[in-house]
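Please take a look at the model below, and then let us walk through some of its charges together.

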Amino acid sequence: MAMALTAPARKATAKVRLTATRLSGLDDPFVALAARWATSPFHSLPFLRALSETLCAAEGAELLLVAVADGEGSPRALFPFTLMREGGLRVVEGLGLGVADYYIPLTAPGFVPTERETKRLWRAVRSALPRADVLRLRYVPRLPLGQAHALSNAAFLTPMGHAST
């Protein structure tokens with residue numbers, strides 16, 4: 001038996017327009033707003049600033065921040081990355097630098113894009129990044145502490161495995 005979509009369900013399936021912009025740095029007002037969404041100390045503005053001023057500098061890495069907003073201009077996510085050289089390759093990687101256990105973009109409360117929206121979101125994020133030979137995301141959990149984030153429905157990511165010795 002086919003069921004008709006209710007008005008709220010139709011609205012929920014409407015195409016969400018997302019735009020991504022590379023920010024100039026940690027002093028951008030978008031960063032201060034996104035830091036309020038932090039669910040761990042690894043998302044806090046002091047942590048991001050300390051990482052940028054110490055490990056990024058020591059590793060010769062450039063901090064890249066990509067802001068995502070919806071079609072109405074409402075902030076939805078902040079993706080922190082680094083750009084560095086490995087051998088002769090330019091590598092963009094989800095911010096971690098061996099200090100953070102997981103890569104999780106800062107995500108506005110209630111923003112959980114569908115699988116299809118996540119594809120568009122990721123395409124927008126990639127378009128805001130500088131050219132690189134490698135784009136690497138490591139240790140992206142689907143539901144850290146049971147909470148969804150901007151990449152929770154990313155079909156292009158493989159589930160994190162667990163190993164023990």
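Predicted model: local features only at pLDDT ≥ 70, side-chain atom pairs only at ≥ 80, totals over all residues.

Let us begin with R49 and D27, whose side chains meet in a salt bridge with an N to O distance of 3.4 Å. The pair links distant parts of the chain, 22 residues apart. On one side, R49 sits in helix α3, which covers residues 45-59. On the other, D27 belongs to the loop between β1 (18-22) and α2 (29-35). Are these two residues buried or exposed? R49 has 28% relative accessibility, so R49 counts as partly exposed. D27 has a relative accessible area of 69%, and D27 is therefore exposed.

Next, find E86, which forms a salt bridge with R136. Here the closest N and O atoms are 2.5 Å apart. This pair also links distant parts of the chain: E86 is in strand β3 (residues 75-86), R136 is in strand β6 (residues 134-136), and 50 residues separate them. E86 is partly exposed because its relative accessible area is 36%, whereas R136, with 19%, is buried.

R136 has another partner, E93, and their side chains meet in a salt bridge at 3.2 Å, N to O. Because E93 lies in strand β4 and R136 in strand β6, the pair ties together parts that are 43 residues apart in sequence. Strand β4 itself runs over residues 89-94. With 13% relative accessibility, E93 counts as buried. The side chain of E93 also makes a polar contact with the side chain of R138, at 2.9 Å. Which residues are linked in a network of salt bridges? They are E86, E93, R136 and R138.

Finally, turn to the surface. Which residues gather in a patch of positive charge there? The patch brings together R116, K119, R123 and R126. Take K119 as an example: its place is in helix α4, which spans residues 115-128. K119 has 47% relative accessibility, so K119 counts as partly exposed.

Terms used:
Residues numbered from 1 in each chain as written. Heavy atoms only, no water. Patch = residues over 30% accessible without salt bridge, like charges linked within 9 Å, V, L, I, M, F, W, Y side chains within 5 Å. Areas by Shrake-Rupley, 256 points an atom, 1.4 Å probe, with all protein chains shown as cover. Salt bridge = Lys/Arg side-chain N within 4 Å of Asp/Glu carboxyl O. Lys, Arg positive; Asp, Glu negative; His and termini not counted. Charge placed at Lys NZ, Arg CZ, Asp CG, Glu CD. Helix = DSSP H or I, 4+ residues; strand = E, 2+ residues; numbered from the N terminus. Buried < 20%, exposed > 50% of the residue type's maximum accessible area, 1.4 Å probe, protein only. Polar contact = N/O pair within 3.5 Å; in protein donor to acceptor, adjacent residues only side chain to side chain.
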